[in-house]
Amino acid sequence: MASDDTLRSLMFTLSYVLLKRRRDVTSADAQRRREVQRRVAHRRYFQQRHKRMIMVRDAPPEASEASSSMMIAQTSRPVGGPPARPTRVWSSIESTDWWERVVMREFQPSDWLEKFRMTKETFFLLCGKLKPRLSRQDTRLRPALPLEKRVAVALWRLASNVEYRTISALFGVGRSTVCKCVRDVCHAIVLLLRPLYLRSPSEQELEDAARLFASRWGFPHCVGAVGSLHVPIIAPSSNTHSYWNSRGWLSVVTQGAVNGLGQFWDVCAGFPGSTEHSAILQNSTLWARGCDGFLLHEPPLDFMGRPLGYLMLGDAGYPLKSWLLKSFPESGALSDAQRAFNRKLERARGVVDEAFLRLRARWQCLLKRNDCRMDVIPTMILACCVLHNVCEVHGDEFIERWEEAVRHEESPQPADEVSPASDDHDGEEVRALFCQYFLQQENQQRTLAC
């Protein structure tokens, strides 16, 4: 009998301890939840208060006083009471006000040029050309983002390469919306504007380019220059080793051909940083068209008593061809004619270096490390090249101050060089003709100077 009472007492004590433990755990969980809710509410309250203060600061003087009284009335609460729940109306008003009033009404021409890298007229011309691809309709759930605002979001990203969250807060849209705007606008630019602004030159345009190179740089028969640009990126998720370039940083390579005005007419983008420049050329449409006689002139033009078509200029990273010339490797054994040729070629070929410099200075997503996905970067590079041509064609001002960031970049561009064994015999003959031509030109100039 005594043992039964002892067992019953033990069971009662054990049940009491278990119930008390359960109540303590439940109470602790409830207390933690209340503390988290309190902190979240306070954080929202102070964020909302900061937004309202910004609105009052940016508002016109006549509206500032009314806004201040409204803010005081809506943020006042009993001491010790819970913070006011923020409303989404304030956030929407702030973002819409900045875009519709500040940008669309108060931005000066210098502001448009600084923030969007183009004039207001060119911006709306661009929006009009992209409308067939980017226009959206309102739905019952929410209104569509205006076309101009979507284009502005993308241009802001391309011009500054700032983080998505910064642009998100500035334009009052979600980070995923910023990412989608950049992707959609870049695709639309490549699809709709590339055939208009970045295309192979016609026969008349080749003649005009040859006259420009001959008159400005004294290099006859030349219609363009080709070069390569390395764009810094973050480490890709796969095949990372192939993106390390010879300078020791991750990049993708872009090959570009420009005319005498520094406008691109052929771009090949997206190759891993370790790819040789000659390999990129040989896998591009420029190589195929050059070997197929795209630069031939009918009837052939006469040069130093020999028929010769048009040609292009490249650096030491490209093979020597009859339609693609490069300089002689620097050494003490060069003749006077070869040195004269090198001087003329480097001076004329500088147009592609200047074009890449202006491209990166205007669209700094190509200058700073790009954190976009690898499937987006080639399209972004092509879109920047198209936008470069758009600005150049329409005469938008280029501010020299933008070049400072390019000239002081921490990662210098890699240089590439191919073996002379890959040079073409016909290319050597054409280069020898130009050596004779430039030496004769220099001798005539010395004679006239005397």
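Analyst: Let's start with two terms. A polar contact is a pair of N or O atoms within 3.5 Å; within protein, one must be able to donate a hydrogen and the other to accept it, and residues adjacent in sequence count only if both atoms are side-chain atoms. Helices (H or I, at least four residues) and strands (E, at least two) are DSSP runs, numbered from the N terminus.

With that in hand, look at where α15 begins. D424 caps its N-terminal end, with a side-chain oxygen 3.2 Å from the backbone nitrogen of D426. Helix α15 covers residues 425–449, 25 residues in total. From first C-alpha to last it reaches 37 Å, close to the 36 Å expected at 1.5 Å a residue; the expected span is 1.5 Å times one less than the number of residues.

A word on the model itself: it is predicted, local features need pLDDT of at least 70, side-chain atom pairs count only at pLDDT 80 or more, and totals for chains, interfaces and linings use all residues. Residues are numbered from 1 along each chain as its sequence is written, and side-chain values use heavy atoms, leaving out hydrogens and water.

Which residues of α15 are buried? They are G427, V430, R431, L433, F434, C435, F438 and E442. Buried means under 20% relative accessible area, exposed over 50%, and partly exposed in between (1.4 Å probe, protein chains only). These buried residues pack against the strands β4 (301–303), β5 (306–308), β6 (311–313) and β7 (324–325), and against helix α12 (336–362).

Helix α12 is worth a stop too, as R349 lies in it. R349 is buried, because its relative accessible area is 8%. Leaving aside neighbours within four places in sequence, R349 is in contact (heavy atoms within 4.5 Å) with A225, V226, L313, G314 and D315. R349 and L313 are 36 residues apart in sequence, yet 6.0 Å apart in space, C-alpha to C-alpha.

Stepping back, the protein chain has 15 helices and seven strands, and 43% of its 450 residues count as buried. Among contacts between residues at least 6 apart in sequence, 71% join residues at least 24 apart.

Finally, consider pLDDT, the predictor's confidence in each residue, from 0 to 100. The chain averages 85, and 88% of the residues score at least 70. Among its elements, helix α2 (residues 61–75) has the lowest mean pLDDT (44) and α13 the highest (97).
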